[in-house]
Amino acid sequence: MNPTSSRHQVTIEADPTVPIIHITRDFDATPAQLMRAHTDPELFARWVGPDGMETTIVEWEATTGGRWRYVASRDGEDYGFHGSFHEVGEDRIVQTFTFDGVPDGVALETLWFEDLGGGRTRLHAQSLVDSFEGRDQWMASGMETGVEQGYAKLDAFVAEL
């Protein structure tokens, strides 16, 4: 299977009333499998980001009050990201997210996993940024490619979990 193709489509939408980005994507996986893929650092590094990037986990404490940091690399360029886990529940994660290249830009992200039955789950994610301008910069950054390709990679191995 080509890791960049998938039968499931991701929806990425900018909220018109608040500076939030909404992401929705279905998976042929249970909420527990998706939760594990988002909280286990070795699994997370396997799927996050666009094709061709290598992710190195620097720090990872996926518990309420914990923090995380990873570096994504390609062609000699490094891109660092960090944040704090505000809440890690059974089927929900609330965390902050900062790209090192924009150190003043902190997003509050909430992810939750909706059980659709039959081993299927709908992932919901929202990222609240500090301004509409910041949100629009994220939307124009090419994030869609990274999200789509990352979730396609997750599709490829989630059945192993």
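Thr 55 is found in strand S3 (residues 54–60); helices (H or I, at least four residues) and strands (E, at least two) are DSSP runs, numbered from the N terminus. This is a predicted model, in which local features need pLDDT of at least 70 and side-chain atom pairs count only at pLDDT 80 or more, while totals for chains, interfaces and linings use all residues. Residues are numbered from 1 along each chain as its sequence is written, and side-chain values use heavy atoms, with hydrogens and water left out.

Thr 55 counts as buried at 12% relative accessibility. Buried means under 20% relative accessible area, exposed over 50%, and partly exposed in between (1.4 Å probe, protein chains only). Apart from its neighbours within four places in sequence, Thr 55 is in contact with Ala 45, Val 48, Tyr 70, Val 71 and Ala 72; contact means heavy atoms within 4.5 Å.

Thr 98 is found in strand S6 and is buried, with a relative accessible area of 4%. Not counting residues up to four places away in sequence, Thr 98 touches Gly 80, Phe 81, His 82, Pro 103, Gly 105 and Val 106. From C-alpha to C-alpha, Thr 98 and Thr 55 are 16 Å apart in space, and they are 43 residues apart in sequence.

## Strand pairing around S8

Strand S8 (residues 120–128) runs antiparallel to strand S2 (residues 20–27), and 8 bridges join them. Two strands pair if DSSP finds at least two bridges between them. The bridge partner of Thr 24 in S8 is His 124.

S8 is also joined to strand S7 (residues 106–117), by 9 bridges, and these two run antiparallel. Gly 117 stands opposite Arg 120 in S8. S7 and S8 form a hairpin with 2 residues between them, and Gly 118 in the turn has a positive phi of about 65°.

## Aromatic rings

The whole structure holds 13 aromatic pairs. Rings of Phe, Tyr and Trp (its six-membered ring) pair if their centres lie within 6.5 Å; planes under 30 degrees apart count as stacked, over 60 as edge-to-face and the rest as tilted. Phe 81 and Phe 97 form a tilted pair, 5.5 Å centre to centre with 35° between the planes. Phe 81 lies in strand S5 (residues 77–88) and Phe 97 in strand S6 (residues 92–99), so the pair ties together parts that are 16 residues apart in sequence. Phe 81 is buried at 15% relative accessible area, and Phe 97 is buried at 14%.

Ring pairs link a cluster that includes Phe 27, Phe 44, Trp 47, Phe 81, Phe 97 and Tyr 151. A charge sits over a ring if NZ of Lys or CZ of Arg is within 6 Å of the ring centre and within 35 degrees of the ring normal. Arg 25 lies over the face of Phe 27, at 4.5 Å from the ring centre. The charged end of Arg 46 sits over the ring of Phe 157, 4.0 Å from its centre.

## Helix H1

Helix H1 (residues 31–39) is largely enclosed by the rest of the structure, because 7 of its 9 residues are buried. Among the buried residues of H1 are Pro 31, Leu 34, Met 35 and His 38.
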